[in-house]
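Please look through the sequence and the model before reading on.

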Amino acid sequence: MPYTTNDIKRIEEKWQQYWAVNKIFAAREDAGRKKYYVLEMFPYPSGKIHMGHVRNYTIADVIARYKMMRGFNVLHPMGYDAFGQPAENAAIKRGVSPSDWTYKCIDDMRSGLSRMGFSYDWDRELATCDASYYKWNQWIFLKMFEKGLAYKKGSPVNWCPSCETTLANEEVINGACWRCKSEVVQKDLEQWYLKITQYAEPLLADLKKLDNWPERVRAMQENWIGKSFGTEIYFKVKGTDEVIKVFTTRADTIFGATYVTLAPEHPLTKKLAQGTPQEKAVAAFIEKAANTSKSLRVSGDERKEGVFTGAYAINPVNNETVPVWTADYVLMEYGTGAIMAVPTHDQRDFEFARAHNLPMRVVIQDSARPTLTPQQMTKAYEDAGVLVNSAQFDGTPNEEAKKKITEWMDASGMGKFQIHWRLRDWLISRQRYWGTPIPIIYCPTCGAVPVPEKDLPVALPKDAPITGEGGSPLAKVKAFVEVKCPQCGKDARRETDTMATFFDSSWYFLRYCDAHNDKVIFDQKAAAYWMPVDQYIGGIEHAILHLLYSRFFTKFLKDLGLVSCEEPFTRLLTQGMVLKEGEVMSKSRGNVVDPDEVLARFGADTLRLFILFAAPPEDQLEWNASGLEGNWRFLNRIWNAVEGRYKSDVRRQTSDVQPDAEDKKLELERNSAIKKVTDGMEGGFKFNTAISAVMVLMNAVDKYETGQAADVGHQADKQLFLNRALETVVLLLAPFAPHFAEELWEMMGERPVDVGRETSDVKRPASKPGHKASVAFEPWPAFDEAALKTDSVRIAVQVNGKVRGQFEVPRDADEAVLRAIVLADEAVQRHVAGKEIRKFIVVPNKLVSLVV
């Protein structure tokens, strides 16, 4: 009987129910077993799962199931990153509460995940929007507040005056609000920050320990943290007491600084322009820059814009008066937010100076061709050389000059050696409803007072008006805002900001260790057993912020004595996107493939095989419907072979049988498949090569004959080898196609499972000898090195470096045997006859090389 669509529905529902009822994948700490914690980045619950989810979670599931079969105690949990702006937008659009919308989406997502047969420990399921979870967000915040790591300060935000609300950068389109199209302005708000910069050094240093992370991701984190060794130089503003502190890594070029540039956000930018003819132009430029994305400002694709502030500064090394400009390519986030501009030796400065007719001076010459002049330059000279036009430092190699000039300036009070970090403290305030309320109370007498731990969680009110207009919805709920001060008892008010959702996702992997503990954030013994995560899987788009914040939280919680690990994720895999017709699947492009449609026709196991076989996990995957058909046919071949050729009543050990040549050939392919699949799993999760190895084994099974033996006993002997090969196929496929493997494993063991009873009556099926109740916990097959060796090998024969033949020879044949075989060959004789054989070189089991 073929493996039909009806079989798929029956089999998949049967085994999904069996796994759920019997809690097959429920994980428990066991000090006597080695643990393995596999985790994929949890999803935002937007509704039905898409193919990106399918790929990410299938990869993780195969790893989890493989490790189970290898004997590990596996933790594989699932939850939902459930707070965020999309739920508020949905509430406004559909007239439902964010809570109702989110939990409906979670139900839909859970259903889709279950249909894929993923091996989750559903007892540990969590959602960050549950008060039982965000209570511990608030607890962590209070601990950070207590340690001085959580603080409030003023900072600019995108503000829509019409909607009276803040906007994320992506909600500002061409300078206007995405909702009402009003012009967006910058507004200073008091907001909450976390002092991640206090952990900058260990966050950078410990990247060296993450040797099982992609190098690309480590480099991205290193660049984001951005430790720079350089010089802080003091430029006095002419006619004032103000000093512009400039940070540079190129002190060797200080004599070539012909102007100073401030970031538009720099506090001196507006101040220096006040009362000058440039005041209006500077104010307009500051506003324009504020509504331009920072990535666009620093990109090399756009013309760099700026205006003169009307002020001048003094270059301390030569007392030269230089103009002070403000430019969009200078960011407050790096260094001091001010640069000394050396257009001849920095490309961005060069482009800006050319555009605005600013002066240039060459101070480094190529020692081989010392002829550079500003007039002839078409780009900045940024290579090594010797200093010129640099007073007493003329002729000094520029790398050597960096240190000498810094020491000279330090001794003269003009500057000093300085380390700067690109990393900035983390802004967590959001003027939203659907997020974790920040547990602070403002008292006119006591100031900012933390909510007592006994009063956590500070719960979201259910009656907040969600309109998208008029500021924070929480501020409009009187019963939420008006409270008594916990210290003095006077009238006070609650903080109405909520936390950024990155806060929620920065520690969820720890909560999984003890997901429903209402007494403490998690049991320390449980965390010590499961942490760190052995394998983490997610998209490259989270390579910086999510991973950086997770590392920060882990280090903070370690300092509190709650965890013992320094890093949360031992191994990291960043899976590629799913494409169709060369583009990422998206509703806007109309190229989405609905997993439900594929599941209805082909089932979860065919989809899983296709996803895993089509491309290595790190690569992009191009959708190909014919690939589904091919994997469907492959499963049918196995189904038909087991149903038609496997005989469960033949159960002796193959070690009792003397194999013939065909038996040995099948055993060679069987052991080779085990080795290749195992190597593929252990050597970087090469799923496509692993599945290919099983296909090769099935080809050998299809060719293997059992019905032509000379006697019945011999025929039974051959059936043993066939059975063993088919059992190996099923075991090797079990992590990849779990429903299919469970069903065939049961057929092989004749173990009935009655899922038609009431849930409480469903029991683990009785096992036949050698077959456990679930294939998920069968021992992974081991390969026999001896069986991988054939009696003969094929070798190449060279004469004077050119191949003259291929020969089948006995394995490990000595030189005498090889001489007899090779020199008896007519083709070889044509090249050696009548000549002296000077050398007869043997590379065992590979090559014979003759020199004549």
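Helix 19 is largely enclosed by the rest of the structure, because 9 of its 10 residues are buried. Buried here means under 20% relative accessible area, exposed means over 50%, and partly exposed is in between, with a 1.4 Å probe and protein chains only. Helices (H or I, at least four residues) and strands (E, at least two) are DSSP runs, numbered from the N terminus. The buried residues of helix 19 are Ala604, Asp605, Thr606, Leu607, Arg608, Leu609, Phe610, Ile611 and Leu612.

The model is predicted: local features need pLDDT of at least 70, side-chain atom pairs count only at pLDDT 80 or more, and totals for chains, interfaces and linings use all residues. Residues are numbered from 1 along each chain as its sequence is written, and side-chain values use heavy atoms, with hydrogens and water left out.

## Aromatic pairs

Rings of Phe, Tyr and Trp (its six-membered ring) pair if their centres lie within 6.5 Å; planes under 30 degrees apart count as stacked, over 60 as edge-to-face and the rest as tilted. By this rule there are 42 aromatic pairs. One of them joins phenylalanine 610 and tryptophan 623 edge-to-face, with 4.9 Å centre to centre and 75° between the planes. This pair links distant parts of the chain, 13 residues apart: phenylalanine 610 is in helix 19 (residues 604-613), and tryptophan 623 is in the loop between strand 30 (621-622) and helix 20 (625-645). Phenylalanine 610 is buried, at a relative accessible area of 3%, and tryptophan 623 also counts as buried, at 10% relative accessibility.

Elsewhere, ring pairs join Tyr199, Trp426, Phe502, Phe503, Tyr549, Phe552 and Phe553 into a cluster. Some rings have a charge over the face, which requires NZ of Lys or CZ of Arg within 6 Å of the ring centre and within 35 degrees of the ring normal. Arginine 65 lies over the face of tryptophan 19, 4.6 Å from the ring centre. Lysine 153 lies over the face of tyrosine 193, 4.7 Å from the ring centre.

## Nonpolar cores

In soluble globular proteins, nonpolar side chains tend to be buried together. A nonpolar core is a set of buried Ala, Val, Leu, Ile, Met, Phe, Trp, Tyr and Cys residues joined through side-chain atoms within 4.5 Å. The largest such core has 117 residues, and Tyr37, Phe141 and Leu607 touch the most other members. Helix 5 (residues 131-146) gives the most to this core, with 8 residues. A second, separate core has 69 residues, including Trp15, Ala641, Ala673 and Phe740.

What does tyrosine 37 contact, leaving aside its neighbours within four places in sequence? With contact meaning heavy atoms within 4.5 Å, its partners are Leu75, Pro77, Phe509, Tyr512, Cys513, Trp530, Met531, Pro532, Val533, Asp534 and Gln535.

## Paired strands

Two strands pair if DSSP finds at least two bridges between them. Strand 5 (residues 150-160) and strand 9 (residues 185-194) run antiparallel and are joined by 10 bridges. Lysine 152 has tryptophan 192 in strand 9 as its bridge partner. Strand 9 also pairs with strand 19 (residues 426-427), in the antiparallel sense over 2 bridges; there, tyrosine 193 has leucine 427 as its bridge partner.

Serine 155 lies in strand 5 and counts as buried at 7% relative accessibility. Its C-alpha atom is separated by 6.4 Å from that of glutamate 190, 35 residues apart along the chain. Not counting residues up to four places away in sequence, serine 155 touches Lys187, Asp188, Leu189, Gln191 and Tyr193.

An open sheet of 3 strands has the order 29-28-30 and mixed pairing. Strand 29 (583-584) and strand 30 stand at its edges, each with a single partner strand, so one side of each is left without a neighbour in the sheet. Strand 28 (residues 578-580) pairs with strand 29 in the antiparallel sense over 2 bridges, and leucine 579 stands opposite valine 584 in strand 29.

## Two residues in helices

Is lysine 718 buried or exposed? Lysine 718, in helix 23 (residues 712-733), counts as buried at 6% relative accessibility. Its side chain makes a polar contact with the side chain of aspartate 660 at 3.0 Å. A polar contact is a pair of N or O atoms within 3.5 Å; within protein, one must be able to donate a hydrogen and the other to accept it, and residues adjacent in sequence count only if both atoms are side-chain atoms.

Alanine 411 lies in helix 12 (residues 398-412) and counts as exposed at 73% relative accessibility. The C-alpha atoms of alanine 411 and cysteine 443 are separated by 49 Å, with the residues 32 apart along the chain.
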